[in-house]
Amino acid sequence: MAAAESDREPPSALCSEFLDFSAKDTGLKWLQASDLPKAVYQHLARYVPKIYCLGPNLNPQNEDLLAQLLLQGPLEWYLCGEDPSIGLAKLEQSNQPSQLCGHVFKVGEPTYSCRECAADPTCVLCMQCFLGSVHKGHRYRMTTSGGGGFCDCGDTEAWKKGPYCQKHEPSISDSSQEDPLDQLSANMITRTYSVFSIVLRYAVDMLTWEEENELPAGLEPPERGDTYYCMLFNDEVHTYEQVIYTLQKAVNCTQKEAVSFATTVDRDGRKSVRYGDFHFCEQAKTVIVRNTSRQTKPLRVQVMHSSVVAHQCFALKALAWLGQVIGHSDALRRILCQVGLEKGPLGENSLVDTLMLCDSKMWKGARNVYHQLLMSSLLMDPKYKKLFAIQFAKARMLMTEENLMATIIRTFVEHLRHRDLQGRFQFERYTPQQAFKFRRVQSLLGDLKYVLISRPTEWTDKLREKFLEGFETFLELLKCMQGMDPVVRQVGQHIEMEPEWEAAFTLQMKLTHIISMMQEWCASDEKVLIEAYRMCLVALTHCHGGFADGEQPITLSMCGHSVDTFRYCVSQEKVIIHLPVSRLLAGLHVLLSKTEVAYRFPERLPLSELSPPMLIEHPLRCLVLCAQVHAGMWRRNGFSLVNQIYYYHNVKCRVEMFDKDLVMLQAGSSMMDPNHFLMIVLSRFELYHIFSSADGRKRHSRENANKDVIQQNNTLIEEMLHLIMMIVGERFTPGIGQVQPSDEIKREIIHQLCIRPMAHSELAKALPENENKETGMERVIDSVALFKKPGVTGRGLYELRPECAKQFNLYFYHYSRADQSKAEEAQRKLRRQSGEDSALPPPLLPPFCPLFASLVNLLQCDVLLGMLGVVLQWAVEPSGGHWSESMLQRVLHLIGMALLEEQQQLESSSEDDITFSFTLKISRPGEAPSNTPSILALLETLQNAAHLEVHKDMIRWILKTVASIKTMRERSSTSPVTDSGGQNHQETVRDKDKAERKRKAEMARLRREKIMAQMSAMQRHFIDENKELFQQSLEELDASTSASLEHSPSSPDAALLCVGPRRTRPTEKRQVVTCILCQEEQEIRGDGRAMVLAAFVQRSTVMSRNRHRPPPNPERHDPLFMHPDLSFGTHTGSCGHIMHSHCWQRYFEAVQAKEQRRQQRLRVHTSYDVENGEFLCPLCECLSNTVIPLLPLPKGSGSTEQPGLGLWLKTVSQQIKSLHSAHRKLRPVDAGAVDATSNMEDFPPPEGFKPDYVPVNPFSSTVKEMLTTFGTATYKIGLKVHPNEQDPRVPIMCWGSCAYTIQSIERLLVDEEKPLFGSLPCRQDDCLRSLTRFSAACWTTASLPSVQGHFIRLLAALLPDPEVESSPSLLDVDIFHLLVSMVMSYPSLHIQDSSGLSVDAAQQNLFQLVTVAHVVQVLLTSTPAEVTMDQESGGGHSEEEQSISALYSCLRRHLGGALRDVGSAWHLWRCVKAGVLPFLRAGALFFHHLNGVPTPSELHARGSGQWEYLCGYLGLPSNLLQLYHSNQDLLDPLIQGWCSHSSIQGLLQGSSPLVSYPRESNRLIDLPDDYSALINQASTFTCPKSGGDKSRAPTLCLVCGAMLCSQSYCCQTDLEGEDVGACTAHTFACGAGVGIFLRVRESQVLFLAGKTKGCFYTPPYLDDYGETDQGLRRGNPLHLCQERYRKIQKLWRQHSITEEIGHAQEANQSLVGIDWQHL
Ligand SMILES: [Zn+2]
Ligand SMILES: [Zn+2]
Ligand SMILES: [Zn+2]
Ligand SMILES: [Zn+2]
Ligand SMILES: [Zn+2]
Ligand SMILES: [Zn+2]
Ligand SMILES: [Zn+2]
C-alpha cells in the first residue's frame, strides 16, 4: 500500500529521451510516411503511457507540458509543414471569421432572449452580443445558463429581426457565401484532412472504448506494468452521502478525502479512487460494490489498466487541441466538420454519430469536452450547422425535405405502447419511473414544436401535401387520446383506489401548444384549413363509431316543440374528459368562420357533413359532468376527479379543453333549432322532467321527499343557466364574434382586474401562455389598466381603468366561483362608491360572425322563455330552498342579455332586419290551461317583493330597459315627421325627469361622500392612535423619566451645560415605570426592587474600518483600549420594554423549561437559542439575550470651586502614586519582582485620599444581581468566552459596549440626516440612557483595585506614568472609548477621596484632556493631502487659524519630516472641526444620558451653527484651540510625549493603515444597476477550493464585496469544531457572526446570524413592473431599487439584522428548520 500510494517519482529515466525529442523531426518524418495512421498510432502508443497516469495523483500541469512537446508538437508541425507558430499565425491572418458568435455559455452566465424577435425561447444571445444588438431596446428575457448552450448571434433563422449584433454584422462582401477552403493550398487541405481524421478517430475510439485492460489495435504499449486504477463512476441513483460513506470504508480514506472524491465524481463523472496493482484495485472494487448493492443497483466501478486511462486522458486533450486548432481558421473548421460527418465507406456511422450514440455511456467529463468541440466546430460553420441540425431533427423548413413531422409523431406514438381495445392510450400508475420515461417521449414533442415554430408565409403544393400528411398522423395520435381515462360515477361506496389520471393530463398539457400551433398553420392557408377540417371530421366520426353507449332513442317535447334524441345519463354512464379530436375540430371551425369563404361562399365549407347533435354530445356531457361534480354528485369518486376538473378549467389546459368544448357547443347549437338544442341540454343535465311538466310550479311537491336532491337540482339549474349565458355571451374569440385578437386578451385582463388590482406576475399567471411563454399582455395592458408603482415594500400593481369597468361580466366564463364572488363584491362596492345603484347588468357584446349569428335566437326561443318563466314563478314565494338567489340572479342576467341584444339590433339594423322580438314575447301571458302570467308581469310583481331586496336594482334596470326598447320600437314604427311634436314633448318631460333624478342622485352622492370622509377620518385617527400602541404605552411610562428631564429647559435663556462643575442640574423627580409582566408600578431606586430592560447584545463590525484584522483571541485579548479602526465592537440594543427583574427571571425560567420539554419531545428548533440566554421579549417578541438594569440618576454633589486641569491632574497623579504602593502591598510578592518593587518607596497618600477605605455598595441585592447579569452577558458575548463575573475585563467590556453603541447611533443619525437630539425612537433613547447609567455603576460589582488599575492604565495613555508599561501610542487608541472608560472608572478613585474634588470636575477635566488629544490625533492623521486654493474669501487669519498653525508647527517640530507642511491654516482648522465633530456629538450624547441634563432645542434641529451649540452644551470654547493655549505649559510636554511614542513615527510613515477623521460611515457595497452585470460577474467566479470549477451558488457578501462559493461541500470549512458553509465561515471574520449576502443565481438576499439563524429577504432588484424575481423564474430585466437597498443598509447600520431574522423566523416556522450553517 505504501508503495502504491507513494507520490509519483519524477520520470528521470525518461528525461534524456524527452530532452532529445524533436517535434519538428517527428512531424517532418510523418510527411514522408507511407502509412501515416500507423506512424502516428505507433508514436502515441509509445509516448502516451509515458506521460499520463504514472501515479495516483494526476498532475495535469506537468502532463500537459509534456503532451504539448511530445504529442501535439509533431501533429502541428505535420499540419503546417513548417514551424507551427508561424504556420498557424498565417492561417489566422488570412481567415475571414464566421458571422456566428457561437460563444459557449459557462454555468450561470447570463443569456438573453428577445420576447419579440426570437424564433423560439431557446434562441439566446451572450451578453456581449446582446448589448450590441437591437433587442436591447425590445422586451427581452434574461436567464442564467445551465452551461453548455451557445450564442445564436448571427443565425438568421433564430431571429425574426436583428439576427446580428454590431460585432457579427456581415461585411459588405458577404464572405459566408465563399468557400473558406479556397484560402488553403491543396497540400494543406490534404494534410489537414489526414491529421484530423487520425486524431478524431483516435479520440472517438478511446472515449467510447469499453475494455478495461486492452487497447485498440496499434496502440498496445511496448511494455506494460501491473498498474491499475480503481475508477468510480457517477450515477443518478446514489446520493453524495452514500458515496462518501462507501468510499471511507472501501479505500480507507478520511471523510475529507472521501468528500473530495465524491465531489470530483459528481463533477467529472468519474474519478480514480485507488492506484496500484490489479489485486489492490480489485479489492477496493469488491468493497464498493458490496456496500452499495444492498439498497439499489451498485455503484459503477471499473479496474482499468493505466495505459487505457492514459490514452483516454490524452484523447480528451486531443479533442481540446482540435477545438483550439480550428479556432485559427474557418477553413480548418470546415475540414473538421467534413471529417466528423463523413460516413464510412460502407455507410457506417460517421464519427460524430458514433459519439452521439455513445453519449449516455460516456462519463461527464468526456461528454463536456466533446460537446464543446461540436459547438465550436459544427455549430459555428454556417454550412454544417444546418447539416448537423437535419441530422438531429432540429431544423425548420424541413417538413418538405424530410417528412419530419410525420416521423416524429409516429416515433412518439410508438413510445406509448399501452392501448385499450379501441386503441386508446392506457397509462400505468404515474410513478416517478413513468414520469422519467415520459420525459424522454417529451423531448420528441420538443422537436415537433421546433418544426412548427415558424409558420410558413408561402405555401407550396409540396408543403401542403407534407403538412397534411403530418396532420393526419397527428390526428392518429389524438384519436388514441380521444376517450382515454373515462370516468363513471361511483354510488354507494367511496372508490377504493384513486384512478390514474396524471399521465393523460401531462400528455394533454404537453400537447396543448402543439395543437394550437397546428391550428395556426392551418389558419395560414385556406386550402389546408378546409382539408384539415375534413380530415378532422372524418377522424371524429371514426371515434364516435367507437363509443358504444347502448343508446336508446327517445323523444323530448316542451313548449310546443319536440326533438328526437337518445337516453343517456351522465350520472350513470361513462363520461369522457379527453376529447382532443372534437376540440381540434372546434378550433378549426372557428378558424373557418374567420375566412373569406365563410363570409362569401359558406356553401363551400364542408359543413353539410356535420351532424350537430353528434358534435355537441360529448362536450356537453363533459360540461354536465363539471356541473354535477360541482353539485356534489360525484363525491365518492375521490380527489382524482376533482383534480381533473380543476385542470380542465385551469389556465394551463383550458385553451384546448374547456374553451374548445364551449366553442363546440356554440358551433353545434348555431346549426340547430334553439328549442331542440335546449331540450337536449336539459335532458343531459337531467333537469328535463322539472321543466317539461305542464306546470313547473309543481316541482317541489314531487321532490320534497329529499332535500339533498332539491339542493342538487338547484345547483344544476344554476350551472345550466350559466352554460346558456356562456354559449350566447362568449364572443371574444376572433371567428366567433367580430373582434380583434387583442380584444380577447384585453377582456381577460379586465376581468382579472375587476377582482382586484394585480401585480404583473399575477396577471401573467392568470393568462394562457403561447409556445414562446408569451401572454400578449404587454401589447394591451396600458389600454385597460393603470400602473401604480410600489413603495419600499410590496410590488407594483395594475389597476383597472375606470372606464373599463362597464365591460365587466359577472358570469365571465373563466371565473372560478371564488373569483366570481370576489369580483361581484368589488364591483358592487365600486358602484356604490360612485353613487350608482348596485345592479350589475350584462355588458354590451360584439356581434357574432355569420357562422355563429343564429346563436342569439337561443335568448328568445320558447324553451328558454318557458324556463325563465318557471324560475320567476318560483321566486314569487320566498325561497324555502325551492329556488336559489343565484338561480334568480342568472335568470335576470339572461333577460338582461336578451334585452341588450334587442336594443342593439334596434339601434344598428334597418327595420326589416330586426328579427329579435324579446320584449314582445315576454309581454305575452301563458296560454291555457296554465294561464301563467307573462314574464314582464312576473317581473313587475317581483319588483316590490320584500324578499328580493338584493335584486331590486337589477329588476328595476330590466323594466327600465324594456320601457326604453318599447319607446324605440314605437319611434321607429311611427313616422318621425308627423309625431315630432309629441315626441319632443315626451322627450322634454323625460329630460326633466332625468335631470331631476340626476340632481337627486348627485345630492345623495355628496351626502354619502361627506359621511364617508368623516368615517375614514375617524378610522385614520383610530389607526394612528393604535398603531403605536406599544410605543405609546412606553412613552407614557417614560413621561416621568425622559420627558420631564429632557424637555424642560428650566428657562430658555439659561445656557444648558452637560458636563463639569457648573453643569445644569436636572430637577429631581421620582421615576415610576410599569412592569409589562405584572403591570405593577415601580419606582426606580438604586436600593429598591430592580427593574430591567430587555436587551440584545451582539458583536459588531458595522463601523469597522479594517475588515482584515483577525478576530481577537478571546482568552488573551486585552480590550482596555479600542483601536481607532473600531474593527470589533459590542453593540447593545433594546426593544425598550421594562420588567421587574424577578418577573423577568420567572419568565425566562419558564421559557427554559418549556424549551427543554419541547426539545425532548419534538427536537424542533426555535428562532432563539435558550441555552445562550436568548428569549423573546414577552410583549413585542423582539429577540433579546439579556436585560439592562434601570438606575436612578446619581446624586450630583454641590458645585464648590473646583481645580483647573493642571491642578486636578497633579492631584490625581498623586492619588495614583499612592494607589500604586497600596496595590503593591495587596499583590503577593513574587520572586522576580522583589527587587523592582522594593526600590519603590511607599508614597504617602495625598490629603483626603484613603486608599484603605472600603466603600459600601449603595445598591440593593436585586440591583446588584442585575448589574452582574448584564455585565457578564456583555463580557461573554463581546469576547466570546464563558461567563466569568470575576474577570477584570467585565467592566471594560461594559464601558466598551456603551461607547460603541453611542458611536454607532451618532453615525446613524448622521447617515439618516437627523438631528442629534429628539429624533431617536424612544426605545433607543431608553436603551442609551440605561446603558450609560449602568456603565457608570458597573464598577461597583467588580473588585475595586482592578477598576482602579484600569483607570491608571487608561490615564497613562495620555499622562505618562512610569509605573505603567507599554501604553499604546495616541494613534492606536479610539479616543471616545478612552473618554468613556476613564469617566466610568474614575469613581473607583473618587470613592476613596474625601478632599472635595467632585466627579463633575473629573468629568470636565478628563473630557478636555481627551479633546485636546483628539485634536492632535486629527492633526496627525487627517490633514489635507493637497492644499487647494479655494480658501474662503476675506481670508484674514482668524484666531482659530493662528492657534491651529501654532499647534501644528509644534507637532511638526516634534515629529520632523513625518508630518508634511500644510501652508493653509484655514484648511487645518476646517479639517480639525470636521474631524473632531463626531467625537463631540458622541460626547454630548454620552454626558446627556449620564448626567440627565436637558438638551438645547437648537440641537433638536439640523442646520448651521451646530458647532457653537454643541461646544456650548459641552462647556468647550468654540475655538477648541483655547483648551490648548490656556494650558500650554501643561500640555506641551504631554504632546511631546505623545509624539515621541516609539510607534508613532512608524505609523505616520504607513507601517499600517491610518484611520483618518471624521471616520467615514461604512456602506454596503455598490451594486450595479443592471442585474445581469451581477450574473455575469458571478459566472466568471470559480470555486476557490476546487481548482477552477464553477461555483453552483455564487454568493456576494454585501458588506465587503467578497464572492463566495456557498451551499457546497467543496467550500465547507471547520469553524469552532463544526463544518460550516462558505457564507457562515465568512460572517465570522467579516461581520462578527452577522452577514448580509446576495445569492446571485437566486436573486435573493440572505441574512445570517451565528450558525443557526438566517432568513431570506427581498432583494433590492425590481423589474419594470415593480416586482422582485426571487429564483429568477420570470426573467424580466431587473434593476437596482436604491430605496430598497438603502433599507437593507439601514437594517445593517442599526444592528437590526438579527432582530429581522428573529421576526422572520417567528412568522415562518419553516425557516427555523433550514440548515443555515451550510450555506
Ligand atoms: Zn454572442
Ligand atoms: Zn454577436
Ligand atoms: Zn428583439
Ligand atoms: Zn413585574
Ligand atoms: Zn419588547
Ligand atoms: Zn464580507
Ligand atoms: Zn467551492
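This is a predicted model: local features need pLDDT of at least 70, side-chain atom pairs count only at pLDDT 80 or more; totals for chains, interfaces and linings use all residues.
Local features need pLDDT of at least 70, side-chain atom pairs count only at pLDDT 80 or more, and totals for chains, interfaces and linings use all residues. Residues are numbered from 1 along each chain as its sequence is written, chains are lettered from A and ligands numbered from 1 in the order in which they are written, and side-chain values use heavy atoms, with hydrogens and water left out.

**Zinc ion (ligand 1)**

- Four protein donors hold this ion: C101 (SG), C126 (SG), C129 (SG) and C151 (SG), at 2.2 to 2.3 Å. Donors are N, O and S atoms within 2.8 Å of the metal (3.2 Å for Na, K and Ca); water is not among the atoms, so sites may look incomplete.
- The 4 donor atoms subtend angles of 98 to 124 degrees, so the arrangement is tetrahedral (four donors, all angles between 85 and 135 degrees).
- The donor spacing in sequence is C-x24-C-x2-C-x21-C.
- C129 also bridges to the zinc ion (ligand 2), and the two ions lie 4.2 Å apart.
- C101 sits in the loop between α6 (84-94) and β1 (110-114), and C151 in the loop between β2 (140-144) and α8 (186-207), 50 residues apart. Helices (H or I, at least four residues) and strands (E, at least two) are DSSP runs, numbered from the N terminus.
- Both C101 and C151 are buried (under 20% relative accessible area; exposed is over 50%, partly exposed in between; 1.4 Å probe, protein chains only).

**Zinc ion (ligand 6)**

- C1597 (SG), C1600 (SG), H1626 (NE2) and C1630 (SG) coordinate this ion at 2.0 to 2.3 Å.
- Angles of 103 to 115 degrees among the 4 donor atoms make the arrangement tetrahedral.
- Along the chain the donors follow C-x2-C-x25-H-x3-C.
- C1600 lies in the loop between β17 (1594-1597) and β18 (1603-1605), while H1626 lies in helix α60 (residues 1622-1630), 26 residues apart.
- C1600 counts as partly exposed at 34% relative accessibility, whereas H1626 is buried at 16%.

**Aromatic pairs**

- The structure holds 42 aromatic pairs. Rings of Phe, Tyr and Trp (its six-membered ring) pair if their centres lie within 6.5 Å; planes under 30 degrees apart count as stacked, over 60 as edge-to-face and the rest as tilted.
- F21 and Y47 pair edge-to-face, 5.4 Å centre to centre with 70 degrees between the planes. F21 is in the loop between α2 (12-20) and α3 (23-32), and Y47 is in helix α4 (residues 36-51), 26 residues apart. Both F21 and Y47 are buried.
- F1407 and F1487 also form an edge-to-face pair, at 5.3 Å and 75 degrees. F1407 belongs to helix α52 (residues 1399-1421) and F1487 to helix α54 (residues 1465-1491), so the pair ties together parts 80 residues apart in sequence. Both F1407 and F1487 are buried.
- Y648, F658, F808, F812, Y813 and Y815 are linked into a cluster by ring pairs.

**Charges over rings**

- R270 lies over the face of W363, 3.6 Å from the ring centre. The criterion is NZ of Lys or CZ of Arg within 6 Å of the ring centre and within 35 degrees of the ring normal.
- K1250 places its charged end over the ring of Y1253, 5.6 Å from its centre.

**Strand β16**

- Strand β12 (residues 1091-1100) runs antiparallel to β16 and is joined to it by 4 bridges (pairing needs at least two DSSP bridges).
- L1093 stands opposite I1188 in β16.
- From β16 (residues 1186-1189), T1186 and I1188 point one way and V1187 and P1189 the other; all are buried.

Notes
Four donors count as tetrahedral if all angles lie between 85 and 135 degrees; four count as square planar and six as octahedral if opposite donors are over 155 degrees apart and all others between 65 and 115; anything else is irregular.
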